[in-house]
Amino acid sequence: MARSHRDDTERLSRIFQTQREIAAAGNDLAEMTRIVLDRSRSITGAEGAMLCLVDGDELVTRDAVGIAEKGHRRRPLATSVAKHAIETGQPLLIEDCENDHRLNREMQRAVGDTSLICVPLFQGPRVVGVVNVMNRDTAKRLTEEDRQTLEMLSVVLSAAVSHVAEYEARRAEIEALSRFNALFDGASIGIVRSDTEGDVVDLNPAVEEMLGYTAGEMVGVSFRNFMHQDDLEESIARFDQMMAGDCNTYQFERRYHRKDGKIIWGQTTAVLERDADGNPRFVHSMIENITERKLAEQALVRQSELNQHQALHDALTGLANRTLFNERIEQAIREAERESSQVAVLVMDLDNFKEVNDSLGHHAGDVLLAELGSRVGHAVRAVDTVARLGGDEFGILLRKTDGREEAIPAIERICQAVERPVTVQGLPLSVEASIGVAIYPDDGRDVETLLQRADVAMYGAKEGNSSYVFYDEAFDHRDPTRVMLVGELRRAIEERELVLFYQPKARVGSGEIESVEALLRWQHPERGLIYPDAFIPLAQQTGLIVPLTLRVIEEALAQARQFLDRGMHLPIAVNLSTRNLLDPQFPNQVEELLGRWNVDAGMLRFELTESTMIADPVRTRDVIERLSALGIELSIDDFGTGYSSLAYLTRLPVSEIKIDRSFVMDMASSEDSATIVRSIIDLGGNLGLTVVAEGVETQEIWDELDALGCPIAQGYHLSRPIPPDALVEWLAARGFPGCSEEQAA
Ligand SMILES: [Mg+2]
């Protein structure tokens with residue numbers, strides 16, 4: 001059927017009409033889209049029409065009418081019929097949809113069209129979208145004539161859709177920009193935008209606050225001016241790498257100068273922004289202020305180094321302490337085993353030292369000890385070790401010594417060094433040494449035996465009034481003081497001379513009493529009250545600590561039972577030592593004791609120090625987990641004085657950390673201590689751990705802890721450790737539930 005001139009005129013006028021309508025729709029996108037679809041459909045008499053915009057590799061349906069409404073919203077351009085239309089740059093007619101491989105099958109099945117025209121819409125050379133019109137009715141298939149009509153219409157449609165696409169893109173840009181601005185201005189991290197030279201272009205309020213400069217003072221200035229000298233080289237290298245296209249982002253910790261001269265630590269992430277051609281345009285630096293964290297870390301590291309030295313050295317003489325001495329003997333034994341050599345262990349006590357102290361004062365005594373320590377150090381080889389074991393007692397380790405004969409010259413040098421007078425306060429003082437010597441392997445094959453036998457020999461030297469004596473089995477029957485003390489301690493455990501004092505812990509905010517810590521005292525029949533420092537090390541050395549701790553736990557549980565019977569709900573904390581945590585029997589014994597006293601595990605708590613747990617992490621972990629499984633809460637004691645490895649806090653079932661008294665007591669005078677206390681409180685809060693401040697001695701510190709949000713405190717400001725009767729009285733006076741004054745009496 002030939003097309004008449006009249007038809008052509010009719011079509012043209014409808015196309016112009018369409019253009020006018022589109023122009024009238026202005027920026028009303030929905031209206032414009034609807035006009036495009038309605039006119040495309042009515043001009044061709046199609047049953048459906050659909051407008052899709054190109055978004056990267058995909059087509060996105062903007063609107064669809066008629067049967068096209070069933071079409072997919074978003075699909076890949078590559079598998080779409082539009083791809084073929086775009087290639088030709090012309091509207092594409094598909095007369096038999098069911099058999100044409102160019103169609104997206106899924107789409108075709110959904111819509112059910114039998115004929116289709118796809119009209120690509122261009123803005124200059126760029127395709128911006130497509131209009132599809134389609135028919136389902138096989139009797140009214142779309143024809144070449146319809147295709148030509150749409151080809152004419154496509155110019156109008158292209159202009160309209162370009163406008164839509166442009167407007168959409170601009171709106172998306174505006175939205176993105178306003179989202180960005182909201183983030184930029186409101187962000188708690190600092191954001192600096194700098195150009196490819198590194199000059200500041202823009203910055204957000206968080207940067208102004210962090211660095212103390214206003215935007216006006218920073219814009220146009222090289223951002224490097226605000227960086228710390230020591231970080232500059234790395235910063236510039238990274239920036240240059242980015243500009244060279246080697247990376248799009250980098251991250252590191254660096255320091256900045258605040259306007260007031262302070263240093264700020266920032267965790268900085270720099271991200272490159274490129275222009276449309278892919279060239280570097282801006283660098284966004286996002287800076288998180290981590291100054292507090294860095295200060296805490298540095299303080300903890302300093303403290304940890306100090307602790308490590310202090311943990312192994314004697315403060316007065318700078319010599320090795322008992323712990324380090326034991327370690328060195330252990331090493332020397334292993335070495336001697338390998339090399340079949342011998343080792344001499346010496347214990348030296350100064351005769352009449354007490355008299356110096358008594359007549360000239362402690363200071364004179366200290367000067368004397370320091371001088372003698374130094375002299376003995378010079379009298380032995382560099383490979384040997386001199387240690388101060390306590391009081392006027394020294395230990396000397398002579399490595400690779402082949403027997404007694406070889407050790408004698410060194411021992412005599414030591415004696416001469418000690419006996420040479422020392423001038424203190426203008427007076428020449430003379431002391432004499434008594435040295436006991438034990439040799440590996442003849443006198444013992446382990447540290448404990450060697451030390452104990454050197455000690456025995458030393459008492460032999462004192463008794464015999466000789467400078468030095470080698471160990472002899474005969475000495476063992478003489479029962480020297482230390483052996484006696486071990487015997488006494490064993491008896492004390494059996495005879496229940498060990499008593500518990502209790503020190504309360506309270507909530508800082510309300511003052512409410514939360515729990516108590518049980519502290520051990522030895523009620524010695526002759527010597528009176530002995531504090532744990534005087535006998536716990538001995539108990540640990542001899543293994544007596546195991547029965548001793550069990551005795552303490554039993555005593556604490558008996559007390560808890562008494563409290564519960566009165567209606568007092570007061571958990572009791574007991575301190576454990578490494579030996580307990582290395583003992584696989586321990587959890588079972590604790591469970592048995594809980595059952596025997598019919599006390600809920602929640603009423604018992606254990607305090608462990610960091611070094612206790614780290615001694616042998618694999619073995620202690622098993623015991624720790626079994627104790628926790630019983631329902632006993634575990635607490636880290638003296639926190640901050642150990643290795644400062646915080647990793648175990650999350651790995652072990654710990655529910656409480658106790659900030660070591662040294663930090664709490666110093667927090668008013670030392671910034672490092674205050675930082676550590678504050679950081680531990682924050683850390684505990686973040687990890688869901690209860691934080692206890694130990695050693696709170698003044699109202700001032702108490703208030704300070706309250707302000708920092710520390711939940712619990714313990715210390716003399718609240719109460720000293722007191723016997724159970726006194727505790728009940730003390731609690732009654734504070735109205736503790738279940739303990740009235742009459743009951744206390
Ligand atoms: Mg404790």
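The C-alpha centres of domain 1 and domain 4 lie 79 Å apart. The domain assignment, automatic or from a database, gives domain 1 (5–174), domain 2 (187–289), domain 3 (305–478) and domain 4 (497–744). The model is predicted, so local features need pLDDT of at least 70 and side-chain atom pairs count only at pLDDT 80 or more, while totals for chains, interfaces and linings use all residues. Residues are numbered from 1 along each chain as its sequence is written.

Helices and strands are DSSP runs numbered from the N terminus (helices: H or I, at least four residues; strands: E, at least two). Strands count as paired if DSSP finds at least two bridges between them. An open sheet of 5 strands has the order β13-β14-β12-β17-β18. Its pairing is mixed. The edges are held by β13 and β18 (468–470). Each has a single partner strand, so one side of each is left without a neighbour in the sheet. Neighbouring strands are turned by 20° against each other on average, direction ignored. Axes here are lines fitted to C-alpha atoms, for helices over the stretch in contact, and angles between N-to-C directions run from 0 to 180 degrees.

β13 and β14 pair in the antiparallel sense over 5 bridges. V386 has I396 in β14 as its bridge partner. The two strands form a hairpin with 2 residues between them. In the turn, G391 has a positive phi of about 50°. β14 also pairs with strand β12 (residues 343–351), again antiparallel, over 6 bridges. Here the bridge partner of V347 is G395 in β14. Of the 6 residues of β14, 5 are buried. Burial means 20 or more other C-beta atoms within 10 Å of a residue's own; exposed means 12 or fewer, and partly exposed lies in between, with C-beta atoms placed from the backbone. I435 stands opposite Y468 in β18.

Helix α12 (residues 362–379) lies across β13 and β14. It runs at about 150° to β13. The expected span of a helix is 1.5 Å times one less than its number of residues. For the 18 residues of α12 this gives 26 Å, and the end C-alpha atoms are 26 Å apart, which agrees. Buried in α12 are G365, L368, L369, L372 and V376. These residues cover an arc of only 100° around the axis, which puts them on the same side of α12. The arc is taken from the directions from the helix axis to the C-beta atoms. On the other side, H363 and H378 are exposed. Cover for the buried residues includes α11 (353–360), β13 (385–390), β14 (393–398) and α13 (403–419), together with β15 (422–424) and β16 (427–429). Contact requires C-beta atoms, placed from the backbone, within 7 Å.

G567 is in the loop between α17 (545–566) and β22 (572–575). It counts as exposed because it has 11 C-beta neighbours inside 10 Å. In β22, I572 and V574 point one way, and A573 and N575 the other way. All four are buried. Strand β20 (residues 513–524) runs parallel to β22, joined by 2 bridges. V516 stands opposite I572. Strand β23 (residues 604–609) is also parallel to β22, with 4 bridges. The bridge partner of A573 in β23 is R605.

Methods:
Two residues are in contact if their C-beta atoms, placed from the backbone, lie within 7 Å.
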